Amino acid sequence: MVETRLAGFFSIKENSSRFNNKNFVRLGGKPLYLWAAEILQNLDVLSERHVLANDRVPLDLPSNVTRASKPELLDADEVGSNEIIQHFSSVVEADWYLYVHATAPFLTTNTILSMFEKVLEGGFDSALTVKSEYTYAYFQGKAINFTQGKLSRTQDLEPVLIENSGAYIFSKELAKQGIRVGKKPYFQEVNWPETIDIDHVSDYQEAILSLPAVANNTRR
């Protein structure tokens, strides 16, 4: 039986325009990036584990997580995930890729294992973490999950699924194109505190307040 190779990685840079030094702020006694590194460390299904960072960035990583050198041009503010994914897949070969965000510290291994199981057995080309909102939602001025003039109870609405920028799994074919969500994705719903994504100082403050709940969470 041929082993399916799943390479896990995340990308960090020295500075962030929205929250300076974000990847290195201390959370629960360790730098933020280390939370993501430990998620990769604890996933036995991974064939490789990497942090994509330029050579100037100081890192203290678990022994089974290695640095993959990132070209300077990929650290520019205008560079998005597409270019990063495409670059990583050009230097690390795998059948599937797991891309986690260093800003989502409270993801659990169980969540990611569920995603990987779905893409392997369910015929999906990708998987991503989302949070569901049972609320009346509009897009470009039009109702998207209810009929205007015919209101349902909130709990009876079709939930709106919102990416929480936590984790993505995608096929090699998608990775080569720099695509993290394909045409047949599996939506892995996550709840607080897994939904926390630290982009601003207010998110960081919420994460600090969430630490006692995370410590009591036995799913990890």
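Buried here means under 20% relative accessible area, exposed means over 50%, and partly exposed falls in between, all with a 1.4 Å probe and protein chains only. The structure is a predicted model, so local features need pLDDT of at least 70 and side-chain atom pairs count only at pLDDT 80 or more, while totals for chains, interfaces and linings use all residues. Residues are numbered from 1 along each chain as its sequence is written, and side-chain values use heavy atoms, with hydrogens and water left out.

Helices and strands are DSSP runs numbered from the N terminus (H or I, at least four residues, for helices; E, at least two, for strands). Helix α1, residues 32-41, is mostly covered, with eight of its ten residues buried. Those buried residues are L32, Y33, L34, W35, A36, A37, I39 and L40.

Helix α1 turns up again with helix α5: together with β2 (26-27), α1 is included in what covers the buried residues of α5, where contact means heavy atoms within 4.5 Å. The buried set of α5 is D203, Y204, A207, S210 and V214. As for length, the expected span of a helix is 1.5 Å times one less than its number of residues. The 15 residues of α5 (201-215) should therefore span 21 Å, and the end C-alpha atoms are 22 Å apart, which agrees. Still, α5 has a bend of about 40 degrees at L209, and a proline, P212, follows within four residues; the bend is the angle between axes fitted to the seven residues ending at a residue and the seven starting there.

Next comes the open space. Grid points are joined across faces, edges and corners, and a volume is the space filled by probe spheres set on the points. By that count the largest pocket comes to about 590 Å³. It is lined by 27 residues, of which K13, R18, K22, H101 and D199 are the closest to its centre. The elements giving two or more residues to this lining are α2 (81-91) and β6 (96-100). By type, the lining splits into eight nonpolar, ten polar and nine charged residues, with Ala, Val, Leu, Ile, Met, Phe, Trp, Tyr, Cys and Pro taken as nonpolar, Asp, Glu, Lys and Arg as charged, and the others, Gly among them, as polar.

Helix α2 also holds S89, which counts as buried because its relative accessibility is 0%. Leaving out residues up to four places away in sequence, S89 touches Y97, A175 and K176.

W192 and P193 are joined by a cis peptide bond with omega of about 5 degrees, and P193 sits in the loop between β11 (185-189) and α5. N21, not a glycine, has a positive phi of about 60 degrees; N21 lies in the loop between β1 (6-11) and β2, and at 35% relative accessibility it counts as partly exposed. S165, also not a glycine, has a positive phi of about 55 degrees, this time within strand β10, residues 160-171.

Finally, A137 is in the loop between β7 (126-133) and β8 (138-139) and counts as buried at 12% relative accessibility. Neighbours within four places in sequence aside, A137 is in contact with K142, A143, I144, N145, F146 and V160.

Notes. 1 Å grid on protein atoms, 1.4 Å probe; cavity = no way out; pocket = protein on both sides within 12 Å on 5 of 7 lines; lining within 4 Å.
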